[in-house]
Amino acid sequence: MARDRGSAIVVCGPTRLRRAAALERWYRRAARARLGALLATEAERLGVRPARLTIRAQRTRWGSCSTSGTVSLNWRLLLAPVAVARYVVVHELCHLRVPNHSRAFWDALEQALPEWRAGHQWLRRHETQLLRYRTIDSVP
């Protein structure tokens with residue numbers, strides 16, 4: 001079990017594996033709540049409607065948007081600044097309008113979030129450290 005105690009996340013369990021699993025569940029729940037709220041706010045602002053949100057533990061991606069409108073976000077975005085998470089959310093929401101990385105997509109992103117480059121650059125600088133963070137897989 002993992003609980004938020006304000007300035008710390010307290011994790012309990014009989015084994016390291018159980019504690020690691022509890023911590024990842026906590027991160028996923030927190031990501032669903034926080035990133036879900038951000039997704040809803042940005043979707044409304046942009047006038048788009050994602051079909052659903054999934055929280056994943058991708059090892060190489062921050063997010064994705066399926067052709068059916070499902071937005072998937074990496075729970076590790078909780079470890080990044082809010083402005084960076086916002087960039088990823090808006091990036092994925094723009095794929096609801098332009099489902100590729102064509103010039104039209106980048107123009108849509110620029111219009112939706114003119115400061116997107118700062119979030120993109122932050123992820124480029126820090127993605128190795130954030131993607132390296134593991135709970136279950138890192139337990140011997």
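Is the crossing of α2 and α3 left-handed or right-handed?

Modeller: First, the basis: this is a predicted model, in which local features need pLDDT of at least 70 and side-chain atom pairs count only at pLDDT 80 or more, while totals for chains, interfaces and linings use all residues. Residues are numbered from 1 along each chain as its sequence is written, and side-chain values use heavy atoms, with hydrogens and water left out.

Helix α2 covers residues 82-94 and helix α3 residues 103-112; helices here are DSSP runs of H or I with at least four residues, numbered from the N terminus. The two pack with their axes 9 Å apart, at an angle of about 135 degrees. The axes are lines fitted to C-alpha atoms over the stretch in contact, and angles run from 0 to 180 degrees between N-to-C directions. That angle makes α2 oblique to α3, since angles under 35 degrees count as roughly parallel, over 145 as roughly antiparallel, 65 to 115 as roughly perpendicular and the rest as oblique. The crossing is right-handed, meaning that the near helix is turned clockwise from the far one by less than a right angle.

On the α2 side, Tyr87, Val90, His91 and Cys94 make the contact; on the α3 side, Phe105, Trp106, Ala108, Leu109 and Ala112 do. Contact means heavy atoms within 4.5 Å.

Some of these residues also take part in ring pairs. The whole structure has five aromatic pairs, counted where the rings of Phe, Tyr and Trp (its six-membered ring) have centres within 6.5 Å; planes under 30 degrees apart are stacked, over 60 edge-to-face and the rest tilted. Phenylalanine 105 and tryptophan 106 form an edge-to-face pair, because their planes stand at 80 degrees, with the ring centres 4.9 Å apart. Phenylalanine 105 is buried, at 0% relative accessibility, whereas tryptophan 106, at 22%, is partly exposed. Buried means under 20% relative accessible area, exposed over 50% and partly exposed in between, with a 1.4 Å probe and protein chains only. Ring pairs join both residues to Tyr87 and Trp116 in a cluster.

Glutamate 42 lies in helix α1 (residues 16-46), and its contacts beyond four places in sequence are Arg86, Val89, Val90 and Leu93. Glutamate 42 is buried, with 4% relative accessibility.
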